Every structure is written in C-alpha cells, then in structure tokens.
Amino acid sequence: MNEAIREAASLLRAGETVAFPTETVYGLGADARSNEAVERIFAAKGRPSDNPLIVHIADLSQLDAIVLEVNDTARRLMEAYWPGPLTLVLPVRPGAVSPRVTAGLSTVAVRMPAHDIALRLIAAAGCPVAAPSANRSGRPSPTLASHVGEDLAGLIGGIVDGGPTGVGLESTVAEAGPDGTVTVLRPGSVTAEALARVAASVHTDPALHSSGREENSPAPRSPGMKYTHYAPRGSLRIVRGQDPGAVAARVQAELAAAEARGEVTGVLAYDEHLHQYRASIVISLGPIGALENAAHRLYAGLRRFDEEGATFMVAEACPEEGVGLAVMNRLLKAAGNEVIDV
C-alpha cells in the first residue's frame, strides 16, 4: 500500500485525478489549487459546473492557507468531529483554491477524513485535495474500488483500492455561525443530534425539503443539495406512511403491478418486513432500529439493482431522525422525489 500511495501522490502532484477511499465513500481527488486538475474531475464525472467540491486536508495546519477565518463554533465542531465525516463550509481565502472548487461562492467546504489511506495520500501529495464522490454524476456513490472502475475506468489517472468504505454515505455538510447556530446543508452520519452537543442550536437548510425541481433553484451552497443524485438506471419509488401494514401492502401492490407490466422488479426494505415482499431482487437495509446499516448498504444495493437489470424498484421509507435523515435524503434524491404516501 505504501507504494500505491506514493504513486497516487505523484499523480496528484502532476495534476492528474486519483480515486481513493475515505470512511464515507470513495472520492475522486485532484489538486484543489489547480484549475486544470480540478477540471479533470468535472470532465470525468460529467458534473454540473455550479456544483461545488469538498476540499480534503490531512492536518489542521493546512486550513490557514485555504480559509480566511474559523469561528469558535466551527472550531469546536472540528475538535469534536475531525478527523471524521463532517464537512464545514468556511469563508474561502481569495485565490487559495481553484474557482471551479467553490463554484463561484465566497465559501469553501473543507473536511479531514477519518481514513488512514486518505490522510497518508493527502499528506504525501503535499496539497489540499478536492474530491467529490468517485462516480459518474447522478450515479450511486461508490463504496468499493470496483464501483469506481465501473463508472470511471479510462477516465481518471488511477484508483487506490482500500477495500470497502465504512459509513457508506457522504459526509454531513454544515455551516457554523458565530452565534453558535449550525445549519445542516447535507445530512450524514454526524447527525443533527450530535452537532447539537456542540452547537447552541441546529437547523436544516430549507433547500433540503424542496421539491427538487432544479430549473428554478439557485446555485447549491453545498454538494448534494440541488441535483438528482445516487440514482439507479431503472425507476425508483419510495413508499412512506405511519402504518407498517399499509406501507407493506402498497409496496407489494406496486411490485405486483410492475411485474404484470413485464418489469424486472426490486425492493429495498428493512429486515422486519422483508419476508412480505415478492420481487425479482430483494435487498435488505438491515433492522429498522439500526439505520447505520441502511446507510452502509444503500449505494451497494442500488448498484446491485443495475447489475441485475432491475427496471422498477420500490423502497421503504424510514424515520427521518438521526442517521435516518441522511438515508432518506439520499433515497429521495435517488428517486427524484417520487414518493407514495399511504
């Protein structure tokens, strides 16, 4: 692995792109300071130009060169959750990173990943590394190096294979105000409840609850806010309701109707209800009471639907509390906000 990290760091210094593991998902990295290098990320992913990137650092000493200031609230969050799956939106130092990284905003999203390979790679490269998820834009994010290869083989400089990622969903993105208020721009495994242990108050950005109609929405303040993401190739619907029996009945009715149309069907469901469903592909998200399992399994499940040719899929909703907020955020993006309420 040492040699692989040395080779990958050399590619980054030369302005190339390298996919590497983090504790969340695999990232596609490039020197955040170089317009040409960052442009290679956008070209490989087919990523919209107004979608900002996250800058990854390996040491707090790198922050001063990137941002203008870190307020007390942000500093407390760093002390509590860095290294880790928390990205903070901070005022960017003019000229510190490529304007392609910030998408023209006056802020930059920064995090320090909690993954040994990622930290060693960034340190060896000697530069801040801009890195969105290492997939074609709109596809499920990669949790294995093989997923990166499926999407980006021949389009990037290389892949560092560090095995499966741990968390399975992208980092929480938050902005900390000087008054102690924290705004969640993208939910993740560092939950609102966890942030509230440090912040005076926590709330979610209203854009997280929008309909997802992209043509009239403003430029996103954070990755993952605006565009349809994480989507399988077939059609995905979410069934949501308070009565588990009613939800299960509607899920199976949707699957049966799709099968009658000749569709290859799939279902994402929790262990407690799995036995009730008949579909071509049945995927467990784990127990409903342990949603960290759903976070870990979601993207691999969506990719399995593609591998097995599913054309119509239904997913059970989960409570939007704790990490469930992040799971539902990704599911809603994957389904294009197509929800059936029962």
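Which side chain makes a polar contact with the side chain of Thr87? I looked this up first, and the partner is the side chain of Ser171, at 2.8 Å; I take a polar contact to be a pair of N or O atoms within 3.5 Å, where within protein one must be able to donate a hydrogen and the other to accept it, and where residues adjacent in sequence count only if both atoms are side-chain atoms.

Before going on, I note that this is a predicted model, in which local features need pLDDT of at least 70 and side-chain atom pairs count only at pLDDT 80 or more, while totals for chains, interfaces and linings use all residues. Residues are numbered from 1 along each chain as its sequence is written, and side-chain values use heavy atoms, with hydrogens and water left out.

I placed Thr87 in strand S4, residues 86-91; strands are DSSP runs of E with at least two residues, helices are runs of H or I with at least four, and both are numbered from the N terminus. Thr87 is buried, because its relative accessible area is 0%, where buried means under 20%, exposed over 50% and partly exposed in between, with a 1.4 Å probe and protein chains only. Leaving aside neighbours within four places in sequence, I found Thr87 in contact (heavy atoms within 4.5 Å) with Ile54, Ala109, Val110, Arg111, Ser171, Thr172, Val173 and Ala174.

I then turned to Ser98, in the loop between S4 and helix H4 (99-102), which counts as buried at 1% relative accessibility. The side chains of Ser98 and Asn35 are joined by a polar contact of 2.4 Å, and, apart from neighbours within four places in sequence, Ser98 touches Ala32, Arg33, Ser34, Asn35 and Val38.

In helix H5 (residues 116-125) I listed Ile117, Ala118, Leu121, Ile122 and Ala125 as buried. These residues are on the same side of H5 because they cover an arc of only 125 degrees around the axis, the arc being that of the directions from the helix axis to the C-beta atoms. An α-helix has 3.6 residues a turn, so residues three or four places apart point the same way. Among the elements covering the buried residues of H5 are helix H1 (2-13), S1, strand S3 (54-56) and strand S6 (129-130). Just after H5, Gly126 has a positive phi of about 70 degrees.

For helix H6 (residues 145-152), the buried residues are Ala145, His147, Val148, Asp151 and Leu152. Seen down the axis of H6, they fall within an arc of 155 degrees, so they line one face of the helix. They pack against strand S1 (18-20), strand S2 (27-31), helix H2 (35-45), strand S7 (158-159) and H9, and just after H6 comes Gly154, with a positive phi of about 85 degrees.

**Entry: two helix pairs**

I looked at H1 and H5, whose axes come within 8 Å and cross at roughly 50 degrees; axes are lines fitted to C-alpha atoms, for helices over the stretch in contact, and angles run from 0 to 180 degrees between N-to-C directions. The two helices are therefore oblique to each other, since angles under 35 degrees count as roughly parallel, over 145 as roughly antiparallel, 65 to 115 as roughly perpendicular and the rest as oblique. The contact is made by Asn2, Ile5, Ala8, Ala9, Leu12 and Arg13 of H1 and by Ile117, Arg120, Leu121, Ala124 and Ala125 of H5.

H9 and helix H10 (residues 324-334) pack at about 15 degrees with their axes 10 Å apart, and are therefore roughly parallel to each other. I found Ala294, Ala295, Leu298, Tyr299 and Leu302 in H9 meeting Val327, Arg330, Leu331 and Ala334 in H10.

**Entry: backbone points**

Most residues other than glycine have a negative phi, and most peptide bonds are trans. With that in mind I noted a cis peptide bond between Trp82 and Pro83, with omega about -10 degrees, where Pro83 sits in the loop between helix H3 (72-81) and S4. Ala103 has a positive phi of about 55 degrees although it is not a glycine, and is partly exposed at a relative accessible area of 23%. Asn337, also not a glycine, has a positive phi of about 60 degrees and lies in the loop between H10 and strand S15 (339-341).
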